[in-house]
Amino acid sequence: MNSSSKQKKEYNVFTRIKRGDDLVMVGTVAAETDQLAKVYATFVYDEEDWVEMCVVPREEMTWIRQPEGLFEKWGDGR
Amino acid sequence: MTKGRDSFIHIVETIADNKFVLGDRLVEIGVGGPNLEASLSSIAMAQGELGHARLLYNWAFDLKGLTGKKQDVRDQTGKAFRFAGNTTDWIGLIASAYTINVSFNLVLQAMFEAGHTDIVMRIHKLLREQGDHVAYCRGWAVQLANDTGAVPRKFREALQERVAEARAWLVKLEADQELYASGYMKAGTALTARFDQMIEADVAHRTAAHG
């Protein structure tokens with residue numbers, strides 16, 4: 001499969017164990033389509049019987065604040 | 001519901017056999033899948049397929065009126081599609097899994113819609129889980145059909161052979177009037193026509209355009 005044929009997107013995976021609990025980010029998946037991201041998340045993060053589960057394309061998240069890179073002051077932009 | 005029972009048991013065992021073989025292939029080939037998510041999902045799906053096979057074998061055991069301890073499943077009963085066991089690479093695996101899941105989903109849906117309590121109870125959870133398997137296979141089938149180089153052509157060739165065998169099985173089911181008359185399957189579900197439509201919508205026209 002030619003990985004260049006379709007760009008993969010990163011998705012954050014959020015779950016809630018039971019009603020009233022917090023919605024928690026449990027991990028990420030990389031997928032070519034939203035549909036595959038849903039399926040990958042379902043199969044990979046199946047350790048609980050989640051009451052809610054969703055995937056959010058990371059690029060769709062609007063950040064208000066993000067931490068600076070730890071070594072930014074030494075010129076390492078990571 | 002005694003008429004058509006033999007045919008129904010045959011269907012249940014055919015589905016079980018294919019899931020049994022597919023579960024094995026999903027592990028063997030899926031472990032070397034093209035990316036981590038695809039491999040992990042393939043192995044998780046294999047567990048699901050093997051679980052479904054076990055449930056269906058037990059159901060067939062009950063339908064036959066057998067009593068006592070359920071037998072250990074060590075091998076299929078010989079009703080799996082020919083292509084299922086001959087799958088040796090990722091393209092073939094997706095073509096097999098896609099064909100098996102799409103065709104069986106239609107058949108299981110027709111069983112479910114017949115509304116018989118025992119059938120509904122037996123396959124309700126299975127059908128829900130199968131939805132994820134279908135989504136995985138459709139996602140990958142569309143991806144391979146839209147890939148570059150020789151992949152779309154190879155996928156089309158693998159799919160054509162598999163679809164022909166599964167379609168012939170669906171035609172045979174549709175011709176078995178006793179199955180419908182005895183209430184095992186909902187009449188008028190147009191299995192073959194819907195199977196053709198799904199293949200056409202998901203893969204055929206895309207593959208033709210890229211082939």
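In β2(A), K9(A) finds its bridge partner in A31(A). The model is predicted. This bridge belongs to a set of seven that join β1(A) to β2(A), and the two strands run antiparallel.

**The sheet of chain A**

On its other pairing, β1(A) (residues 9–16) is joined to β3(A) by six bridges, again antiparallel. Within that pairing, V13(A) is bridged to V55(A) of β3(A). T15(A) has M53(A) as its bridge partner, also in β3(A).

The table collects the named bridge pairs.

| Residue | Bridge partner | Strand of the partner |
|---|---|---|
| K9(A) | A31(A) | β2(A) |
| V13(A) | V55(A) | β3(A) |
| T15(A) | M53(A) | β3(A) |

Put together, three strands of chain A make an open sheet in the order β2-β1-β3, with antiparallel pairing. Which strands stand at the edges? They are β2 (24–31) and β3 (52–57) of chain A. Each has a single partner strand, so one side of each lacks a neighbour in the sheet. Neighbouring strands are turned against each other by 25° on average, direction ignored.

Helix α1 of chain A, residues 34–44, packs on this sheet. The helix touches β1, β2 and β3 of chain A, and its direction makes about 125° with that of β2(A).

**Chain A as a whole**

Chain A holds one helix and three strands. From the N terminus on, its elements run β-β-α-β. Of its 78 residues, 21% are buried. Among contacts in chain A with a separation of 6 or more, 46% link residues 24 or more positions apart.

**The helix of chain A**

Is α1(A) largely enclosed or left open by the rest of the structure? Eight of its eleven residues are buried, so α1(A) is largely enclosed. The buried residues are L36(A), A37(A), K38(A), V39(A), Y40(A), A41(A), T42(A) and F43(A). The cover comes from both chains. It includes β1, β2 and β3 of chain A, together with α2 and α5 of chain B.

A37(A) shows the packing at the level of one residue. It sits in helix α1 of chain A. A37(A) has 25 C-beta neighbours inside 10 Å, and the cut-off for burial is 20 or more, so A37(A) counts as buried. Beyond its neighbours within four places in sequence, A37(A) is in contact with Y11(A), V29(A), A31(A) and V55(A). A31(A), one of these, is the bridge partner of K9(A). V55(A), another of them, is the bridge partner of V13(A). A37(A) and K9(A) lie 28 residues apart along the chain, yet their C-alpha atoms are separated by 8.8 Å.

E48(A) gives a contrast. This residue lies in the loop between α1 and β3 of chain A. Is E48(A) buried or exposed? It has 12 C-beta neighbours inside 10 Å, and therefore counts as exposed. E48(A) is ten residues from R58(A) in sequence, and their C-alpha atoms are 23 Å apart in space.

**The contact between the chains**

Chain B gives 17 residues to the contact, and chain A gives 17 residues. On the chain B side, α2 (36–63) and α5 (117–145) each supply at least two residues. The largest share, six residues, comes from α5(B). By class, the residues on this side of chain B are eight nonpolar, six polar and three charged.

**The helix pair in chain B**

How do α2(B) and α5(B) pack? Their angle is about 150°, and their axes are 11 Å apart. Angles over 145 degrees count as roughly antiparallel, so α2(B) is roughly antiparallel to α5(B). The crossing of α2(B) past α5(B) is left-handed.

From α2(B), the contact takes S41(B), M45(B), G48(B), H52(B), L55(B) and W59(B). From α5(B), it takes R122(B), L126(B), E129(B), H133(B) and Y136(B). An α-helix has 3.6 residues a turn, so residues three or four places apart point the same way. By class, the contact of the two helices has five nonpolar, four polar and two charged residues.

Conventions. Residues are numbered from 1 along each chain as its sequence is written. Chains are lettered from A and ligands numbered from 1 in the order in which they are written. This is a predicted model: local features need pLDDT of at least 70, side-chain atom pairs count only at pLDDT 80 or more; totals for chains, interfaces and linings use all residues. Two residues are in contact if their C-beta atoms, placed from the backbone, lie within 7 Å. Helices (H or I, at least four residues) and strands (E, at least two) are DSSP runs, numbered from the N terminus. Ala, Val, Leu, Ile, Met, Phe, Trp, Tyr, Cys and Pro count as nonpolar, Asp, Glu, Lys and Arg as charged, and the others, Gly among them, as polar. Two strands pair if DSSP finds at least two bridges between them. Axes are lines fitted to C-alpha atoms, for helices over the stretch in contact, and angles run from 0 to 180 degrees between N-to-C directions. Angles under 35 degrees count as roughly parallel, over 145 as roughly antiparallel, 65 to 115 as roughly perpendicular and the rest as oblique. A crossing is left-handed if the near helix is turned anticlockwise from the far one by less than a right angle, and right-handed if clockwise.
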